[in-house]
Amino acid sequence: MCHFLFYCRPALPTEESMSTPYRTLGWLGGSSLHSHKPDYSCRLGLEQGLNAQAPDWNEELQAARDLPQTTLEERLQRDKALLQVNSAFVWAVAQGAEKVIDGFVDPINNCSEDPAFLWGGLFMSMGGPGQEWLGGERGRRAAQRLELQAIQLYSDLEGDLQALHTLPTALADYRGLRVSVQGLAPGLQGPDQPGAPRGLLYGVNAGPQENPARRKLLELLAQSAKALALQRHAVVGPNGYQVPLFTSTDAQGLLGADGRYYVMDVFRTMPADANFHIVEEEEAGADGPKRFPHGLCRLRPELVKAFIQHKHSEFTTRVRELMEENGGVEECDSRGTEAVRGACKDVGSVSDIIFEMRFNPNIFSPGVQFSSSESPAVSLQERLLKEAATFITNDQIPAFVNDCLQGSDTPIDGATLRNALHQKGINLRYLGHLVSTISQSEHKDRLRHITRLAYGEIVVRCARRIFSGYIQGVDLASLSAAASHFLCCLLVPHYSSASNGEESKKRSRRRGHKGGGAADSIAWGMLTGNELWSLICQDAQETYGLKQGLGYQHLFSCLCIQQLRLRDYALDNRNKAPITPDDLLNLLPVVKHITMATSDASRTFQAAQNSLQKGLLEQAYDQLKEAAYLFGRVCDDLHPEACSCLSMLARVAYLQGHPAEVSDVSNFQIGHFLIFHLLFQGETALALRCLYRAKLLMLLVHGEDHPYTAVLDTSLGLVLQGEQSLQYLQNALKLNISFRGATDLTTALNHHLLAQRMCVAGDYRGGMTQEKEAHNIFQSQCGENHPQTKCSSDFLKSITQQAVRVERSIRQGGSLVPSLETRLEQLALVNGILKTSYSMRLMEFKEKLKERRAAEEAEKTKSESSNEAEAVEEAADCVKQTEEVSVTNNETQPEDSDILEKETDHSKMNGQVESHLQNGDAVNENDEAENPAVQLETSESIPTKSQTEPKELINAANENLQPALVNGGEGMIAKEVVTPVEKQAATETPETVNN
């Protein structure tokens, strides 16, 4: 659906008018583009001086890809050039789509069903693969979308596979039409082949060839198939001979006149989704495959990766089981080889001797015939695809629901819901299954925000499809009136054109028309609200399998609020149209395009995230600073990945105690995390403004009933004072109990914070009640000896003492007032930057480490005494050789300084607060003990500290108790350090600690 722009508002703030990597659509204002200008200033110098000539987008993109990558500086320049060229290409696509669909460009062919256009160096086509089995218009759109997704996969390949090229491609949706846009392909080279197009080296129709160019292309395709987990297979060609393939039957490999190898028509690269494949003689059932409006249901790349990891876990478990059945796992002999072979067969590995999972993209594809020799492989592939389809419904969707229940995934709007589902490899066609899974869950009330978002996303997607067909037949002069009428039907219950007829005639007379053009006299104006919602429900039934009808309440929270409540629109008035044609300023195309990777910056950012998961804050802090610098060299400040890097750097800097650097990296961050840094700098008023803005956006996007609202309310309660603070904390407590449960640790923390505020206000009885609730939860969840339970117990005693002296001055309660430092730590706890330890056996580790320290100190003292005696004896024997004595002293001093230096560095790295950032918690001892790769990576990352880890860790164990984050400095919270010594201690205990 196109974006609708309403009346102007005041000038945008600086942070909202900053440049973005790609074209940005603004919801308000006359000028909606805040990105790169279409002056081709980012071109690489090709065809200089020929500004009137259309650019060769393919040559510019491939020239940027071919830039050298030997040094870091060269790679940064290459990444920047790719990003700039792709950004300018996307801008040109948006301009060309508007001109073509508005009728200002004539087609270059005479085909009315699939017209093609040439404008500004761009080739534009409105059609696509039009086979009947695809499903008509929806099938063509799906093919275009899957083509773009596959081009992204091939573009992300690294190393030698960068020699396999794809054309610059984008999709533009405008006025109900989808235009596929590509750069002009180069000419083809190669000998003429009978029955095959010139330059075609690979494909079903390429014919038998044998030349160096074909061998090179097949080598590249074989390597890319391995990287994309695609299986080599053979199909029967049109002439009856077998054709070996590394891709789907639609793909073609070409040798261009520029000497580059190109792969095209790759829309069926990913394997098919067996949950939506119905054999002709079968019928769709509740438990079997389901029928879908088009025939291009393919698995997502994220799902393929997750499924391979799942099968690898099964493979490892099966090998262990088979070896135990044959006499144990200690000896590696022929029994181990047989166990590996048996496990490979059981899990469906395509290899008999190693674990290797690959998928055939032509399985379940109509019209594809495999040779008889491929029958066993085809049967295995069908089995794997059915298991992958079951993996979505039985593993990935329940895992997503569980993540939402635990709070690790908290989608706020449709975009964040889509991203969360895609990260787990779940296609949006499973939205109906997601709603059904939640409705059958015993925690469905705690997941009502996910249900609301899923319903809203379903309605928006159905309405967008209906709008595409609705707006196609409208002429350019009536676009504004037609779009406003559609919105009124969508947003106003029981809206009809008759109720707005007189108003439309009045507007027509004011504009100088003679009464014609009223909504009730035009075809598009005959649409009513009831009819539109009936079409939406029908589409939802066909696409998502929803049995029940959809109500208006599911739409208002995700569509109306985002677009219409920016002004005061009276949506409950049935006699007057709330949205008029004058409210729509413009319609703009929405462009879908590939993204260019920032290779070095992304790798450094990923390394920093891995360091954070291991608890190496100092190392992660340095890596984040390096990643932020690399992102700054390549892309704009508002690049999504760069923003994530800077946000994480700000949080780690807060934990590391670098307030000045925190302010530098957060100067444009909009969100509640900024309050920590502002409060740290004493900017309380500005922190409140940021919190109020975050709360306003939350209410506009979703509403009050969301678990993230509790986080914002708790933060406001900690920053504010007096009655307002109590109101926000009470509302947060209510939401936490509703979404997280009455016995959750977050709810307990909320009880404690509310008890603090009540004591500050003099309500000791209410504070005592809240603190008792907190103490009971901490005691039941963490145990009596846990530091947090002791914190709560000590604070409860303080409240009791204050309540006894309540008749005295309230100033005596000053000891219960939390300091600014404590409030900052409480905010960090509430927002997930810090987290209390869930481990029940952490203190046992501390005791073991203390014992190790005592033993090592005794050994060290004994060693130092013996060394001192030897030094004295040597000095007495060599009293005349003073130079040798001085040399001996100089040799011992560096050793001592090296030990001190190692101790200092390691204490900086390991003596940190246990941090659970949003991108991953610290690796627990059990996981690292079971994963040798993690141990190896950890030991290799800090080789200079491995010999002194026991002493530094024991020192950190004593320093790992920080002032209480919740009790105003009266309690202690433990910080856990994950090192090889602690893992060794874990092997000596009967149980394993879970961080």
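Modeller: Let's start with terms: helices (H or I, at least four residues) and strands (E, at least two) are DSSP runs, numbered from the N terminus. This is a predicted model, in which local features need pLDDT of at least 70 and side-chain atom pairs count only at pLDDT 80 or more, while totals for chains, interfaces and linings use all residues. Residues are numbered from 1 along each chain as its sequence is written, and side-chain values use heavy atoms, with hydrogens and water left out.

Colleague: How many helices and strands does the protein chain have?

Modeller: The protein chain has 32 helices and 15 strands. Of its 995 residues, 50% count as buried (under 20% relative accessible area; exposed is over 50% and partly exposed lies in between, with a 1.4 Å probe and protein chains only). Contacts (heavy atoms within 4.5 Å) can be sorted by sequence separation: of those between residues at least 6 apart, 69% join residues at least 24 apart.

Colleague: Now helix packing. At what angle do helix 21 and helix 22 pack?

Modeller: Axes are lines fitted to C-alpha atoms, for helices over the stretch in contact, and angles run from 0 to 180 degrees between N-to-C directions. Helix 21 (residues 707-719) and helix 22 (residues 723-740) pack at about 155°, and their axes are 8 Å apart. The pair is therefore roughly antiparallel (over 145 degrees; under 35 is roughly parallel, 65 to 115 roughly perpendicular, and the rest oblique). Their crossing is left-handed, meaning that the near helix is turned anticlockwise from the far one by less than a right angle, with clockwise being right-handed.

Colleague: At roughly what angle do helix 15 and helix 17 cross?

Modeller: The axes of helix 15 (residues 599-613) and helix 17 (residues 640-656) cross at roughly 35° and come within 11 Å. The crossing is left-handed. S602, F605, Q609 and L612 of helix 15 meet E641, S644, C645, M648 and V652 of helix 17.

Colleague: What should I look for in backbone phi?

Modeller: Most residues other than glycine have a negative phi. Here R175 has a phi near 55°. R175 sits in the loop between strand 5 (169-174) and strand 6 (177-183), and R175 is buried at 10% relative accessible area. F364 also has a positive value, near 65°, and lies in the loop between helix 6 (334-347) and helix 7 (375-406).

Colleague: Last one: is H752 buried or exposed?

Modeller: H752, in helix 23 (residues 745-760), is buried, with a relative accessible area of 1%. The side chains of H752 and E771 are joined by a polar contact of 2.8 Å. Such a contact is a pair of N or O atoms within 3.5 Å; within protein, one must be able to donate a hydrogen and the other to accept it, and residues adjacent in sequence count only if both atoms are side-chain atoms.
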